Protein chains: 2
Amino acid sequence: MANETGYSVAILGATGAVGEQILNTLDNKNFPISDLKLLSSKRSAGKKITFRGQEYTVEEAKPESFEGVQIGLFSAGGSISKDLAPEAVKRGTIVIDNTSAYRMDENVPLVVPEVNEEDVNNHNGIIANPNCSTIQMVVALEPIRKAYGLKKVIVSTYQAVSGAGLDAVEEMKEQSQEVLDEKEINPEILPVGGDKKHYQIAFNAIPQIDKFQENGYTFEEMKMINETKKIMHESELPVAATCVRLPVETGHSESVYVEVENGSPDAAEIKNTFSTGEGITLKDDPSQQVYPMAVDSVGLPDVFVGRIRRDLDQSNAYHFWVVSDNLLKGAAFNTVQIAESLVKLGLIKA
Amino acid sequence: MANETGYSVAILGATGAVGEQILNTLDNKNFPISDLKLLSSKRSAGKKITFRGQEYTVEEAKPESFEGVQIGLFSAGGSISKDLAPEAVKRGTIVIDNTSAYRMDENVPLVVPEVNEEDVNNHNGIIANPNCSTIQMVVALEPIRKAYGLKKVIVSTYQAVSGAGLDAVEEMKEQSQEVLDEKEINPEILPVGGDKKHYQIAFNAIPQIDKFQENGYTFEEMKMINETKKIMHESELPVAATCVRLPVETGHSESVYVEVENGSPDAAEIKNTFSTGEGITLKDDPSQQVYPMAVDSVGLPDVFVGRIRRDLDQSNAYHFWVVSDNLLKGAAFNTVQIAESLVKLGLIKA
């Protein structure tokens, strides 16, 4: 299906929040596409989407949908990926999966191109895109890891509602209006659509993202912990996470504490090291109140780092604040970057 | 002025967010008052406030206002405390100051009754009430400190707007409505009324509370660090803080990491230790999605602790989530508790 000017691409979950951003990103990056299929669940099939001036009808995803498709960009939920990724791979598609279904599968590389691009070489048909909150943290940590090594990482997150989907965003907005109008609210989705209880997100902070594991950590927290180790090839690195949902539409923020392994560079050196990091944009000038914020990150692919300072008690420890658009670098942008890595490393031919 | 049934009390800053809660708390606690003066700046003088069925006219605070006053509860801003606290003390008043003016003064005890009530014995006329974000953290940490000793504390805060005053709450609400209506916004107060730049708080997270110091930390962060050491008499304890303002009206939340000095109790033992802490209410059952949240803390004097779990890599380290009403235990309630400590320890006579 591919012609000489591009690749045959299918997007599964085309009608979702991330699917929409994948299309935007493919367009913004001028990713060469000869043939495009927009796929979804049965429920959303039939919708019309315009891409590069052409109207597409969203089709229900089936195993046969992937015949002749070179790159499948999946973001329609874990169970759909579990069903359809093997079918796509069987038909020769390389799947870049944006769900948690395969992230910790040892046969599946988990890739953030700024950190471990070369891992795409080891793919067996599927490459996993990490969790949004993990991606921005590892991009920020990578230059520090390269320069000094990492000894310990502790993160507390401030995560946006769009990470839970478009319905959750709608719930937050309606509920905010209800609270402002002093009306009764009826939470139905957040913190986790599939969990037992639902709580007010408007003008609140909920210390739960995804369900709880037996060990008292949420799955979101365990994703950050395990995925960071896998992406960085640092299986022994101590990583701890507390994940919190905020009434923010888009843009995850994170308060990160890091201890380095070698040396005890001062804050200026650490700042300079951050500034050399691929994908990082420094926003750090306290004297001018310059620091990253969620609302300023929306629509931008950068990982913004600021509030960089040395711990006052431990000379090899630092604090910083990292913000990124969770739908872009946290999802769609990183997914398309992986597709570009496939091209760049010659793993796929137009 | 005091008769045998109570104390002569003056409230400076009676028309503010904290002043209002001080009046509520005095009433709820049946604090014995024989004579009450409500004081404010010139701007708010003349307002009428009803307390225990009696209407009071707020008077402009002057040095002479404190003649015959036994207890002065101050929350009208640091510069007003600097001016008037010495005048009140000169007239025999014991000042409980809710501003940052005297907190780190070595002649002034800084008191959270659950932690260091006996320090009120050392007062020289002024007793300082700590910063809101500090109070709830030290109440939560105290039973852990007593049982195992503290080795290191790292906190990331999720702070409510009412900590910045009633005008800031108004700004947040109006701005939220403007964002929902997709109108232009004009931030004028937050993150810090007196700083150069003002940013959107609606649907955002701002990593600045109070102004920045030369060292890259904000004053709010340094307050948490220094006040914690002073209150706990742990001058060498490593404490680190990152303070963040959220679009939450009332209720500060904190993600706390703590390493203990002695032993490595498991999560169940640590949970049990928290549950013995004075002033603490445990809300911690992940299987039932039970954890503390800002909106549930409003109007309650408790310090709520949950999400308690052991670090996965370090056996003497723990994470928890602590939430409290920043206007009550974080301010008014603690202030009135200190007044009660004065009575209890016989430092003042009805």
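Residues are numbered from 1 along each chain as its sequence is written, and chains are lettered from A, and ligands numbered from 1, in the order in which they are written. Because the model is predicted, local features need pLDDT of at least 70 and side-chain atom pairs count only at pLDDT 80 or more, whereas totals for chains, interfaces and linings use all residues; side-chain values use heavy atoms, with hydrogens and water left out.

**View 1**
Chain A is divided into domain 1 (7-130 + 331-344) and domain 2 (134-325), with bounds that come from an automatic or database domain assignment. The C-alpha centres of these two domains of chain A are 25 Å apart, and their contact (heavy atoms within 4.5 Å) involves 20 residues from domain 1 of chain A and 16 residues from domain 2 of chain A. Between them, domain 1 and domain 2 of chain A bury about 1,500 Å², with 69% of that area on carbon and sulfur atoms; buried area here is the accessible area (1.4 Å probe) that two parts lose on being put together, summed over both. Of the area that domain 1 of chain A buries against domain 2 of chain A, 37% is supplied by Met104(A), Glu114(A) and Val115(A), more than by any other three residues.

The interface of domain 1 and domain 2 of chain A has 1 salt bridge by the rule used, which asks for a side-chain nitrogen of Lys or Arg within 4 Å of a carboxyl oxygen of Asp or Glu. A salt bridge joins the side chains of Arg103(A) and Glu227(A), at 3.3 Å from N to O. Across the interface of domain 1 and domain 2 of chain A there are also 5 residue pairs in polar contact, both residues being at pLDDT 80 or more; a polar contact is a pair of N or O atoms within 3.5 Å, where within protein one must be able to donate a hydrogen and the other to accept it, and residues adjacent in sequence count only if both atoms are side-chain atoms. On the side of domain 1 of chain A that touches domain 2 of chain A, the elements giving two or more residues are α3 (113-116) and α9 (328-344) of chain A, where helices (H or I, at least four residues) and strands (E, at least two) are DSSP runs numbered from the N terminus.

**View 1. Positions annotated in chain A.**
In an unreviewed entry, UniProt lists Cys132(A) and His252(A) under "active site". These residues span 121 residues in sequence, yet no two of their C-alpha atoms are more than 8.2 Å apart, so they gather at one spot. Cys132(A) is part of helix α4 (residues 132-148) of chain A. For "binding site", the unreviewed UniProt entry lists Thr15(A), Gly16(A), Ala17(A), Val18(A), Arg43(A), Ser44(A), Ser162(A), Gly163(A) and Asn326(A). These span 312 residues in sequence, and the farthest two C-alpha atoms are 25.2 Å apart, so they do not all gather at one spot. Gly16(A) sits in the loop between β1 (7-12) and α1 (17-28) of chain A. The UniProt positions are given in the numbering used here, feature names are shortened, and annotations may be inferred rather than shown by experiment.

**View 2. The interface of chain B and chain A.**
In this view, 67 residues of chain B are in contact with 65 residues of chain A, and the area buried between the chains is about 5,300 Å², of which carbon and sulfur atoms give 56%. On the chain B side, Phe203(B), Gln289(B) and Arg307(B) lose the most area to chain A, together 13% of what that side buries. Between chain B and chain A there are 6 salt bridges, and Asp313(B) forms a salt bridge with Lys229(A), with the closest N and O atoms 3.7 Å apart. The interface of chain B and chain A also has 43 residue pairs in polar contact, both residues being at pLDDT 80 or more.

In chain A, a cis peptide bond with omega of about 5° joins Leu190(A) and Pro191(A), and Pro191(A) lies in the loop between α5 (166-180) and α6 (219-232) of chain A. In chain B, a cis peptide bond joins Leu190(B) and Pro191(B), with omega of about 5°, and Pro191(B) is found in the loop between α5 and α6 of chain B. Asp210(A), although not a glycine, has a positive phi of about 65°, and Asp210(A) is placed in the loop between α5 and α6 of chain A.
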